[in-house]
Amino acid sequence: MSLPDYKSTERPASSALALSSVVHLNVGGHLFSTSLSMLRKHPDSKLAELFSAPPKLRTDPQGRYFIDRDGSHFGAVLEFLRSDQLPTANILEVHREAVHYNIKPLIKRLEETPPLFGELVGRQQFLAKVPHYKENIEVLIRIARAEAVATRHSSILICVLRTDEDLGFHNNAINNLEADKDSLVTFGPWRAAPSVKDLLDCVKMDIERRGYRVSIEPHVTGRLFLSRSYNFFYKLTFTWW
């Protein structure tokens, strides 16, 4: 007894699919049409792999090849394949898509644009020299969320130690602090040119990129230790509503 012949949702093996064939795409609900040759333009890309013979994709009910990914910026990727034109907006987001599809010429061109060049060569290289920077950002968010119950604001103290000399005064400065020390988060020291203000700008930028509203202001200790005041402390405030 033979099994019934169920129709597959996949395209049939497309050895007959010519490079000039029009291909209809559904990328996370965004619809596009292009040629097979365009999708295979860069042979080492993930797009070329997906549309090798036969294509490694299922189709939607209308027969369009379906890519299960947010397609908001796929149009910019497709435009680069067609015309070598770079986008003028959403550079970081398009770069993320270029990396996902492994379109190396687009990745390289985007990384040479001012927004990405500054981010990758400047800011990220600096932050790599700040010990535990990424971990500290996660700690700040975790503490703020824990303190957000029935409040409009959550405030956390940050200690920023720019130099090894500052680090030498760390314990004295902490002892001099008239505040809860348990949730204090410390950054630094680092061996790079950017200043304390630069570091605080990075902290604010990276937390706001996660969708939070934050502000940073100096926190005055109010006490002196051996006639010395410490300007290591800053108050980071999350505003919830």
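**Ground rules.** I am reading a predicted model, in which local features need pLDDT of at least 70 and side-chain atom pairs count only at pLDDT 80 or more, while totals for chains, interfaces and linings use all residues. I number residues from 1 along each chain as its sequence is written, and the side-chain values I quote use heavy atoms, with hydrogens and water left out.

**Helix 10.** I looked up helix 10 and found that this element, residues 196-208, has 13 residues; helices here are DSSP runs of H or I with at least four residues, strands are runs of E with at least two, and both are numbered from the N terminus. From first C-alpha to last, helix 10 reaches 18 Å, close to the 18 Å expected at 1.5 Å a residue, where the expected span is 1.5 Å times one less than the number of residues.

Next I asked which residues of helix 10 are buried, a word that means under 20% relative accessible area, with exposed over 50% and partly exposed in between, for a 1.4 Å probe and protein chains only. They are Val196, Leu199, Leu200, Cys202, Val203, Asp206 and Ile207. Because these residues cover an arc of only 155 degrees around the axis, they sit on the same side of helix 10; the arc is taken from the directions from the helix axis to the C-beta atoms.

I then noted what the buried residues of helix 10 pack against, and the partners include helix 6 (114-127), helix 7 (133-146) and strand 7 (233-239). Contact here means heavy atoms within 4.5 Å.

Leaving aside residues up to four places away in sequence, Asn136 touches Pro131, Val185, Thr186 and Phe187.

Val149, by contrast, I located in the loop between helix 7 and strand 4, and Val149 is exposed, with a relative accessible area of 65%. I also checked Val149 against Trp240: the two are 91 residues apart in sequence and 10.0 Å apart in space, C-alpha to C-alpha.

**Strand 7.** I recorded that strand 7 is mostly covered, since six of its seven residues are buried. Strand 4 and strand 7 run antiparallel and are joined by seven bridges, and two strands pair if DSSP finds at least two bridges between them. Leu157 stands opposite Lys235 in strand 7. Strand 6 is also antiparallel to strand 7, with six bridges joining them, and Arg213 has Thr239 in strand 7 as its bridge partner.
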